[in-house]
Amino acid sequence: MVLPLAKLGTLLLRQLSKPLAKSIKDQAGRSDPFKRVCISFAQAYHRTDMRIKTSFLGHTATNITPLNETRAVAYGADAASELFVFAVAGGVVVYEYARSSVKEERKEQKLQDNLQALRQSMLAMETVVAKLESEVRELKALKKARQSTASWWPLGGGGGGSSSDSSSTGSSSSNSNSS
């Protein structure tokens with residue numbers, strides 16, 4: 001919801017800057033201090049423009065006639081209003097860039113947090129695997145130890161074979177007695 005409202009706000013700001021630029025033009029004719037600023041800016045712009053144009057033609061500008069007051073006020077007011085619109089548009093661009101940079105930083109931070117969590121999970125799993133491997137080694141060693149102790153019993157595996165041997169011996173002796 002924030003994104004559409006921010007976009008609409010910047011669009012509204014741009015659209016409002018155009019009527020404000022028109023009011024700047026209107027103020028240029030009414031306010032004497034603003035009028036003087038517009039005239040001096042327009043005259044400086046006119047002199048620079050004429051010097052550049054004549055230098056492209058291969059001449060040198062020696063005598064540049066100044067603009068009359070009405071044209072100078074109009075040019076200065078146009079320049080001021082365009083400068084205002086440009087400043088607003090530039091401000092909107094800077095705002096959008098800063099907002100997207102913050103969004104990208106948040107996204108990057110979230111990825112880093114996820115990566116860190118995965119690394120911690122992996123370390124925990126490696127610890128569990130190492131513990132399990134150690135237990136498997138211990139169990140194998142215990143099994144091997146039991147097998148080696150069972151092999152020293154007479155008649156094979158720890159006395160289990162002796163009962164079957166005695167029963168078979170007993171039955172053969174009983175068979176021989178009856179005959």
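How many salt bridges does a search of the whole structure find? The search finds 3 salt bridges, a salt bridge being a side-chain nitrogen of Lys or Arg within 4 Å of a carboxyl oxygen of Asp or Glu.

## Basis of the model

This is a predicted model, in which local features need pLDDT of at least 70 and side-chain atom pairs count only at pLDDT 80 or more, while totals for chains, interfaces and linings use all residues. Residues are numbered from 1 along each chain as its sequence is written, and side-chain values use heavy atoms, with hydrogens and water left out.

## Overall layout and confidence

The chain has 4 helices and 0 strands, so that its elements, read from the N terminus on, run α-α-α-α; helices (H or I, at least four residues) and strands (E, at least two) are DSSP runs, numbered from the N terminus. Of the 179 residues in the chain, 12% are buried, where buried means under 20% relative accessible area, exposed means over 50%, and partly exposed lies in between (1.4 Å probe, protein chains only). The chain exposes about 14300 Å², and carbon and sulfur atoms supply 63% of that area; accessible areas come from the Shrake-Rupley method with a 1.4 Å probe, and for residues only the protein chains shown count as cover. Among the contacts in the chain with a separation of 6 or more, 65% come from residues 24 or more positions apart, a contact meaning heavy atoms within 4.5 Å.

The mean pLDDT of the chain is 80, and 80% of its residues reach 70 or more; pLDDT is the predictor's confidence in each residue, from 0 to 100. Confidence is highest in helix 3 (residues 69-150), at a mean of 90, and lowest in helix 4 (residues 160-178), at a mean of 45. Over residues 158-179 pLDDT stays under 50, and for this stretch the model has 7 contacts beyond four places in sequence.

## The salt bridges

Lys35 and Glu69 form a salt bridge in which the closest N and O atoms are 3.7 Å apart. This pair links distant parts of the chain, with Lys35 in helix 2 and Glu69 in helix 3, 34 residues apart. Glu69 is partly exposed, with a relative accessible area of 48%.

Asp49 and Lys53 meet through their side chains in a salt bridge of 3.2 Å, N to O, and both residues lie in helix 2, 4 residues apart, about one turn of the helix. Asp49 counts as partly exposed because its relative accessible area is 23%, and Lys53 is likewise partly exposed, at 45%. In helix 3, Arg99 and Glu96 are separated by about one helical turn because they are 3 residues apart, and their salt bridge brings the closest N and O atoms to 3.0 Å. Arg99 is partly exposed at 24% relative accessibility, whereas Glu96 is buried, with a relative accessible area of 18%.

## Residues of helix 2

His46 is found in helix 2 and counts as buried because its relative accessible area is 16%. Leaving aside neighbours within four places in sequence, His46 is in contact with Ile64, Thr65, Pro66 and Leu67. A polar atom of the His46 side chain lies 3.1 Å from the backbone oxygen of Thr65; a polar contact is a pair of N or O atoms within 3.5 Å, where within protein one must be able to donate a hydrogen and the other to accept it, and residues adjacent in sequence count only if both atoms are side-chain atoms. The C-alpha atoms of His46 and Tyr75 are separated by 9.2 Å, although these residues are 29 residues apart along the chain.

Thr54 also lies in helix 2 (residues 32-56), and a polar atom of its side chain is 3.1 Å from the backbone oxygen of Arg51. Beyond its neighbours within four places in sequence, Thr54 is in contact with His59, Thr60 and Ala61.

Ser81 is found in helix 3 and counts as buried because its relative accessibility is 2%. The side chain of Ser81 reaches the backbone oxygen of Asp78 at 2.9 Å, and, not counting residues up to four places away in sequence, Ser81 touches Ala21, Ile24 and Lys25.
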